[in-house]
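This report walks through one protein model.

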Amino acid sequence: MKLALLEREGSEAFAFADRVNDRVIAKAQGLLAFNAIIAAAALFVAAEGAGGWFVRGAFGSSFIASVCTLASLFVFWADAETVRSRGADLEMTVYLVCRRAALTGAATLLSLAASAMTLGAFLAFQHG
């Protein structure tokens, strides 16, 4: 039953996995640029001698988020023996998409934390 369903709807399943994969990659690309802006803002506040732990936290969170994002773009391709069937190939594709989505989700949370800390450092700089 499962194999028959895969044979009948396999093309749509692969197409859906590819669309989701493309969305995750696009999000990761945007996060890399966003983290560069956050890091630059944190370094600007640090150069002015303000911010304290806000700046260190923002820069550290931005750096770790960038590492997570870059790790999400890395692919471990299976050997030909592992993906002999369409089912195994689809399973590997879904695993890749899930791994990428999880790493990109973690990077998004870290980027939000870096944004909040950068805003805190900037506000401390303005009022200090």
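Of the 128 residues in the protein, 32% are buried. The model is predicted. Its secondary structure comprises three helices and zero strands. In sequence order the pattern reads α-α-α.

**Helix packing**

Start with the pair α2 and α3. Helix α2 covers residues 53-73. Helix α3 covers residues 86-127. The axes of α2 and α3 lie 8 Å apart, and the packing angle is about 160 degrees. Angles over 145 degrees count as roughly antiparallel. That is why α2 and α3 are classed as roughly antiparallel to each other. The crossing of α2 past α3 is left-handed.

**Residue pairs across the chain**

Several C-alpha separations link residues that lie apart in sequence. They are listed here.

| Pair | Separation along the chain | C-alpha to C-alpha distance |
|---|---|---|
| Ala114 and Ala58 | 56 residues | 4.1 Å |
| Phe63 and Ala36 | 27 residues | 8.7 Å |
| Arg56 and Met117 | 61 residues | 8.8 Å |
| Ser111 and Phe63 | 48 residues | 9.0 Å |

Take the α3 members of these pairs. Ala114 is located in helix α3. Ala114 has a relative accessibility of 0% and therefore counts as buried. The cut-off for buried is under 20% relative accessible area.

Now the α2 side. Arg56 sits in helix α2. Its accessibility puts Arg56 in the exposed class, at 61% relative accessible area. The C-alpha atom of Arg56 is 8.8 Å from that of Met117, a residue 61 positions away along the chain. Phe63 is in helix α2 as well.

**The nonpolar patch**

Which residues form a nonpolar patch on the surface? The members are Leu43, Phe59, Phe63, Ile64 and Val67. Together they present about 470 Å² of accessible area. Helix α2 supplies the largest share of the patch, with four residues.

Two members show how accessibility differs by class. Phe63 is exposed, because its relative accessible area is 53% and the exposed class begins over 50%. Ile64, placed in helix α2, has a relative accessible area of 44% and so is partly exposed. Patch membership requires a relative accessible area over 30%. The value for Phe63 is 53%, and the value for Ile64 is 44%.

**Reading the pieces together**

Helix α2 carries the exposed Arg56 and the exposed Phe63. Helix α2 also gives four residues to the nonpolar patch.

Notes: Residues numbered from 1 in each chain as written. Predicted model: local features only at pLDDT ≥ 70, side-chain atom pairs only at ≥ 80, totals over all residues. Heavy atoms only, no water. Patch = residues over 30% accessible without salt bridge, like charges linked within 9 Å, V, L, I, M, F, W, Y side chains within 5 Å. Areas by Shrake-Rupley, 256 points an atom, 1.4 Å probe, with all protein chains shown as cover. Salt bridge = Lys/Arg side-chain N within 4 Å of Asp/Glu carboxyl O. Helix = DSSP H or I, 4+ residues; strand = E, 2+ residues; numbered from the N terminus. Buried < 20%, exposed > 50% of the residue type's maximum accessible area, 1.4 Å probe, protein only. Axes fitted to C-alpha atoms, helices over the stretch in contact; angles between N-to-C directions. Parallel < 35°, antiparallel > 145°, perpendicular 65-115°, else oblique. Left-handed = near helix turned anticlockwise from the far one by under 90°.
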